[in-house]
Amino acid sequence: MNLLILQFKTLAGGMLTSGIALIAIVFSAPFSAESAQSSDVVNCYDADRDQVQVKLKSDCTGEAVSKAEAEAIKQRRIDRIRRKLQNQTKPLEPGKRLVSVGTGFFVAPGGMILTNNHVIARCPKVSITTTAGQRLEATIEATSPAFDLALLKAEVDSHIHAIFAQKSDQLTDLPIVLVGYPNQGIAPIKPLLTPGRTLKRYQISKLGVMVPIQADVRKGNSGGPVIDESGRVIGVVTAKIDTVSTYQQTGKIVRDVGFAVSNSVVLGFLGNNHVEVTTADVGEKASEEQLFADARPYIVRVGCWQ
């Protein structure tokens, strides 16, 4: 058994700071991680996106900038994003503004939507926007901070909703896709597909069973479905490993590893809140294009208004 201390962070997109926690993970098999080649951590500037990220020097494909330059670029981007949001987004309520964006998805008829608790926590008002462009206020029906899940409801026809894998299905080492609203320098208006793969399953105290995934998980993916090759939801995206913080703590480089709340937890949460979902056995494999087309109607953009 290998014990590795990793930094992970929640992924609500937008201008809110992500929460970061230190957790201990016990792996049943050795985790794939590179040995550190350099101790340098830099502010890496991506000119195409006008964005600065703290990265290992070996991972920086842009320009390394000073702390002062990084702060100036960050503030410039924040000001630009605020202007765009103000121009493009009519307030849900006078005096409120959109401060962050996450993903959710319809899980049953009657406008029932699943997302992460951290996406809607501390949000006086919550909105959902369907892929057809309909924006509605959503009410928070139930939350589980312990498992980072939240159930929302909106007055909208949700006859197309997610189909879930069974609780007992094996989820290790499988191709998957994520569908959601990952940050691209600014929160996207339309959903995007991110390919990936499940890794080994393990236990994390206080969060239940989590499914680790190898994928480019970003802010804004939070609350979105993890979908297998036959189109079934096998979990809900909740967090990712912080590569830089993990390197600083352990000397290990772990890239593009995220976490999903497993169906054993998700289906239990929905059942406890009297939501009847549709489950299915594994079916025929579909292309990424088909998986995206099938998922798109039940995906929603979740907005936090303060």
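**Disulfides in a predicted model**

User: Is the disulfide of Cys123 and Cys304 left-handed or right-handed?
Analyst: Look at the torsion about the S-S bond of Cys123 and Cys304. In this predicted model, that torsion is about -105 degrees. The disulfide is therefore left-handed.

User: How many residues apart are Cys123 and Cys304?
Analyst: Cys123 sits in the loop between α2 (117–120) and β10 (125–130). Cys304 belongs to strand β23 (residues 299–305). The pair links distant parts of the chain, and its separation is 181 residues.

User: How far apart are the sulfur atoms of Cys123 and Cys304?
Analyst: A disulfide needs two cysteine sulfur atoms within 2.5 Å. Cys123 and Cys304 form one, with their sulfur atoms apart by 2.0 Å.

User: What about Cys44 and Cys60: is their disulfide right-handed or left-handed?
Analyst: The sulfur atoms of Cys44 and Cys60 are 2.1 Å apart, and the two form a disulfide. Cys44 lies in strand β5 (residues 41–46), while Cys60 lies in the loop between β6 (51–56) and β7 (63–65). The torsion about their S-S bond is about 85 degrees, so the disulfide is right-handed.

User: Is Cys60 buried or exposed?
Analyst: Buried means under 20% relative accessible area. Cys60 has 17% relative accessibility, so Cys60 counts as buried.

User: What is the relative accessible area of Cys44?
Analyst: The cut-off for buried is under 20%. Cys44 is buried too, because its relative accessible area is 6%.

User: What is the pairing of the bonded cysteines, numbered in sequence order?
Analyst: The count is 2 disulfides. One is Cys44 with Cys60. Another is Cys123 with Cys304. In sequence order, the pairing is 1-2, 3-4.

Terms used:
Residues are numbered from 1 along each chain as its sequence is written. This is a predicted model: local features need pLDDT of at least 70, side-chain atom pairs count only at pLDDT 80 or more; totals for chains, interfaces and linings use all residues. Side-chain values use heavy atoms; hydrogens and water are left out. Helices (H or I, at least four residues) and strands (E, at least two) are DSSP runs, numbered from the N terminus. Buried means under 20% relative accessible area, exposed over 50%, partly exposed in between (1.4 Å probe, protein chains only).
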